[in-house]
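Here are my notes for you on this one. Have a look at the picture first, then read along and keep turning the model as you go.

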Amino acid sequence: MGEFKIHLSAASMLFLLLTRFSDVSPAETANISSCPIDLSYVETLPWNPIPCNSSILNCCQTLTSLFGIGLAEHLKSTSEFRLPDLKTSTNCLSDFQSILTASFSVPPTVVSDCFPSAERFVISSDNNNSCAGIRTRRDFEEKVGKRTELDGSCSGDVSGNNCTACVNAGFDVNTKLVEIDGNQSHSETCFYFVITYAAGIVNKYGPTNVKTAGCIFGLPLLTEVLDNDTGSNRGVVVVISSISAAVALIVLGILLGLYLWRLDQNGRRMLPLGRKHQRPNIGSIWFTIKELERATGNFTSKNIIGQGGFGVVYKGVLSDGSQVAVKKLSNSEFEGDDDFRNETAIIGNLKHRNLVPLRGCCICNIQEEERGGGGGDEDGGGGDGTLRYLVYDYMPNGSLQRHISSGGSVGGKKSQIQSLSWLQRKTVILDVAKGIEYLHYGIKPPIFHRDIKTTNILLDGEMRARIADFGLAKQNRTSDMTTRIAGTHGYLAPEYALYGQLTEKSDVYSFGVVVLEIMSGRMALDTSSSDVILITDWAWMLVKAGRSEEVLDKPLRKVQNDEESKDTMDLMNRFVLVGILCSHVMVALRPTIADALKMLDGDIEIPTIHDRPAPLGRESIPVVYDCKLADMV
């Protein structure tokens with residue numbers, strides 16, 4: 001059946017890493033050793049085998065979780081995260097397949113199709129198959145400590161809200177592990193160790209407990225799993241009789257067409273899978289339109305906090321009191337619900353300090369919203385009779401644009417927001433660069449945002465920057481050419497705007513524009529006169545004319561004549577030069593975002609910046625071609 005790309009839910013802590021393997025097939029190994037894992041739980045846990053008789057993609061996701069439970073049991077009994085050798089691993093997979101075929105009528109090749117090699121489960125010194133050198137429980141505890149956030153959140157009953165707390169603790173510990181490892185690309189590998197440790201060591205009920213399996217491994221369940229809380233629907237899923245296989249299939253054939261309920265990965269609510277709009281496989285919550293209407297005051301215009309070509313954003317308050325931003329998509333480029341689910345699956349699995357986290361999503365028929373009395377803009381929807389919503393964490397300090405635009409306004413009123421200090425500007429620039437670096441290098445295939453701009457950079461309660469609005473973001477799958485240009489004038493790279501050539505350097509160009517906006521307090525496009533002036537042209541002409549200080553915002557020019565202040569001015573000039581270099585019209589002269597970060601940190605020198613074409617119809621300021629940092633001070 002070939003290889004399959006699986007989008008697994010991070011919020012339900014699915015076993016992400018088990019699907020990455022090398023080229024050795026389990027069938028190629030003879031002289032098999034005994035499997036040390038007791039796989040009897042496969043027959044006793046009430047998991048859902050139906051996808052394995054219909055969809056290889058969903059089946060692989062389920063089996064990934066199911067086999068991961070056994071590895072957590074192995075860790076519990078041996079303190080080893082992986083199996084000792086290839087023969088042992090191959091035998092375990094063979095036993096796994098035998099049980100699936102004998103007890104659940106699963107096709108006899110499904111394990112080899114999902115897991116084409118057994119090497120992934122074997123202890124290895126391969127750096128790409130490790131995290132911080134961890135092989136045993138002792139290694140793990142030496143790295144993160146014997147007591148972590150997992151102990152407080154994952155040790156007991158992990159149903160309902162407890163599951164959400166356990167999931168969040170897992171992400172916190174994973175962040176620490178990745179920092180210790182020092183390689184962001186190992187994030188998923190490190191996550192393997194975190195969830196295995198949480199289920200096998202921390203949770204007192206063990207990985208084969210129904211609630212532990214459902215929460216930590218996201219195992220789809222068939223039978224009803226009840227919380228202790230009476231009246232709660234958090235643990236309810238459909239009850240399917242386990243009588244004869246023939247009768248069960250008949251019943252399922254009827255039920256699947258009417259109502260098949262799945263436990264939401266965060267334990268929040270029941271989800272009807274038999275309805276037209278299925279849930280995206282993301283680490284987030286599936287909201288109903290009624291929930292979003294209640295949160296936003298029926299989408300009242302009073303709660304609008306942003307508006308653009310791809311939708312209207314409303315401030316909302318969920319039933320648990322948390323504040324969110326609800327984006328009602330309009331005229332989106334999603335080609336139907338399947339495309340929307342695929343793209344939100346990508347977005348939902350992005351976890352980084354400098355990205356705005358996706359809380360959930362919603363798809364509904366326009367008639368559903370009308371019956372619910374939904375208001376707001378009338379142009380919403382994807383042009384196919386449906387309305388689509390994305391729900392994000394609310395960022396209390398709003399967009400970056402509000403804080404850097406001189407004489408700006410908010411909601412038609414003069415802005416009273418104080419100008420950002422130099423330290424705040426520096427932190428924001430580095431935050432944005434790190435967020436883009438994660439999109440380009442922290443995940444595979446990389447994501448190109450395509451609309452990096454100050455209104456899409458939000459500031460949280462600590463004034464830390466987070467990149468938002470992934471409505472335009474696309475993974476680089478097959479080609480770097482596109483016939484549909486998306487983005488904002490003033491931030492678009494010339495080669496993308498003119499020829500549709502999309503690369504990572506397109507985001508770097510937009511980042512350069514943002515850097516110049518932050519450092520100068522000016523807008524990307526100056527429309528105050530009859531001629532529109534690009535900030536990139538304006539800044540470059542000043543710098544090469546030896547007037548670099550004029551690029552800086554007025555509050556940044558108030559520097560005392562002492563050594564410390566001179567160093568500060570040198571650093572500000574460095575940031576300006578990096579902004580100019582990143583926004584160079586020639587693609588080949590732009591750095592990658594990783595190199596731009598190193599330049600900002602002073603780890604590598606800024607290369608000579610070659611001249612760029614002068615803007616048409618505009619007199620040039622006397623030029624000094626080629627510019628280095630030393631020329632500016």
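The points below go from the whole chain down to single residues.

1. Start with the caveat: this is a predicted model. The average pLDDT of the protein chain is 75, and 68% of the residues reach at least 70. For residues 1–32 the pLDDT stays under 50, though the model still gives them 115 contacts beyond four places in sequence. Residues 477–484 are also below 50, with 16 contacts beyond near neighbours in sequence.

2. Now the overall build. You can count 21 helices and 16 strands in the protein chain. Of its 633 residues, 53% count as buried. Take the contacts with a separation of 6 or more: 69% of them involve residues 24 or more positions apart. The accessible surface comes to about 27,500 Å², and carbon and sulfur atoms account for 49% of that.

3. Next, the aromatic rings. The structure holds 13 aromatic pairs. One of them is Trp47 with Phe104: the ring centres are 4.8 Å apart and the planes meet at 55 degrees, so this pair is tilted. It links distant parts of the chain, as Trp47 sits in the loop between helix H1 (41–44) and helix H2 (56–78), while Phe104 belongs to helix H3 (residues 86–104), 57 residues away. Both Trp47 and Phe104 are buried.

4. Compare that with Phe299 and Tyr389. What makes this pair stacked? The planes are at 25 degrees, and stacked means under 30 degrees; the ring centres lie 5.3 Å apart. This pair also joins distant parts of the chain: Phe299 is in the loop between helix H11 (289–295) and strand S4 (304–308), and Tyr389 is in strand S8 (residues 386–393), 90 residues apart. Phe299 has 1% relative accessibility and Tyr389 has 0%. Phe299 is therefore buried, and Tyr389 is buried too, because the cut-off is under 20%.

5. Lys328 lies over the face of Phe299, at 5.7 Å from the ring centre. Lys328 is part of strand S6 (residues 323–329). Is Lys328 buried or exposed? Its relative accessible area is 2%, so Lys328 is buried. An unreviewed UniProt entry lists Lys328 under "binding site".

6. A word on the record's other annotation. The unreviewed UniProt entry marks residues 236–261 and 575–593 as "transmembrane region". Check residues 575–593 in the model: the span is 47% helix and 0% strand, and its end C-alpha atoms lie 13 Å apart.

7. Last one, Val210. You'll find Val210 in helix H9 (residues 210–216). With a relative accessible area of 24%, Val210 is partly exposed.

How values were computed:
Residues numbered from 1 in each chain as written. Predicted model: local features only at pLDDT ≥ 70, side-chain atom pairs only at ≥ 80, totals over all residues. Heavy atoms only, no water. Helix = DSSP H or I, 4+ residues; strand = E, 2+ residues; numbered from the N terminus. Buried < 20%, exposed > 50% of the residue type's maximum accessible area, 1.4 Å probe, protein only. Contact = heavy atoms within 4.5 Å. Areas by Shrake-Rupley, 256 points an atom, 1.4 Å probe, with all protein chains shown as cover. Phe/Tyr/Trp six-rings, centres within 6.5 Å; stacked < 30°, edge-to-face > 60°. Lys NZ or Arg CZ within 6 Å of the ring centre and 35° of its normal. pLDDT = per-residue confidence, 0-100. UniProt positions renumbered as here; feature names shortened; annotations may be inferred.
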